[in-house]
Amino acid sequence: MNQVLAEVAVQSAKSPYMLHHLDNEIFKDSIHGVFTKAEWNSYLQNPNYIILEVFYHNQVAGFCLCIQMDHIDLLKIGILKPYRRKGCASFLLKELQKLKKTIFLEVEEFNHSAIQIYLKHDFSFNRKRLFYYSNQSHAWEMVWHP
Ligand SMILES: CC(C)(COP(=O)(O)OP(=O)(O)OC[C@H]1O[C@@H](n2cnc3c(N)ncnc32)[C@H](O)[C@@H]1OP(=O)(O)O)[C@@H](O)C(=O)NCCC(=O)NCCS
């Protein structure tokens, strides 16, 4: 893919510093918490993890973090505020769906923007996970089948 010409483009992440920066900008005030640079470094070195960065007009806009086994667990997806509603997260989800494996994720039950995007990409509600987060809030487990 030609990352310079495309409006939205994706590549495998390489830098724990960039990932920590993005993670901190997007998730610092959220229930999800922020991984340290050392944690990002260990994920980058583990071949079971898929870590993608998304670019909008060649500017880094966000990331997703997944574990790949016989299925995929989408652990985190986030887009920097100035780049939201431009299709960046959709692009990441489509890249994951190209792998043709079942994808599971958890989403906080009142995170309507995230739930909307998952529904738009044909995820469905699988089960409710009570007290899933550290603040005791509940999550929906959602699933997409190829
Ligand atoms: C949820 C999030 C990843 C969406 O990223 P995004 O790049 O803005 O999403 P897209 O532009 O691809 O949106 C695709 C569709 O999702 C839905 N959507 C996205 N944001 C929405 C919002 N704030 N309200 C309602 N629907 C929304 C819409 O249907 C949208 O299509 P449209 O713009 O044509 O109406 C982003 O808002 C984010 O990073 N939020 C904070 C982190 C987070 O909550 N992550 C998920 C839990 S780990």
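Predicted model: local features only at pLDDT ≥ 70, side-chain atom pairs only at ≥ 80, totals over all residues.

Modeller: Residues are numbered from 1 along each chain as its sequence is written. Helices are DSSP runs of H or I with at least four residues, numbered from the N terminus. Two packed helices are described by the angle between their axes and the distance between the axes. Here helix α1, residues 16–27, packs with helix α2, residues 37–45, at an angle of about 120 degrees, and their axes are 8 Å apart. Axes are lines fitted to C-alpha atoms over the stretch in contact, and angles run from 0 to 180 degrees between N-to-C directions. The angle makes α1 oblique to α2, since angles under 35 degrees count as roughly parallel, over 145 as roughly antiparallel, 65 to 115 as roughly perpendicular and the rest as oblique. On the side of α1, the contact is made by P16, Y17, L19 and H20, and on the side of α2 by K37, W40, N41 and L44; two residues are in contact if their C-beta atoms, placed from the backbone, lie within 7 Å.

Helix α1 also holds E25. E25 counts as partly exposed because it has 13 C-beta neighbours inside 10 Å; a residue is buried with 20 or more such neighbours, exposed with 12 or fewer, and partly exposed in between. E25 lies 7.0 Å from L80, C-alpha to C-alpha, although the two are 55 residues apart in sequence.

Note on methods
Helix = DSSP H or I, 4+ residues; strand = E, 2+ residues; numbered from the N terminus.
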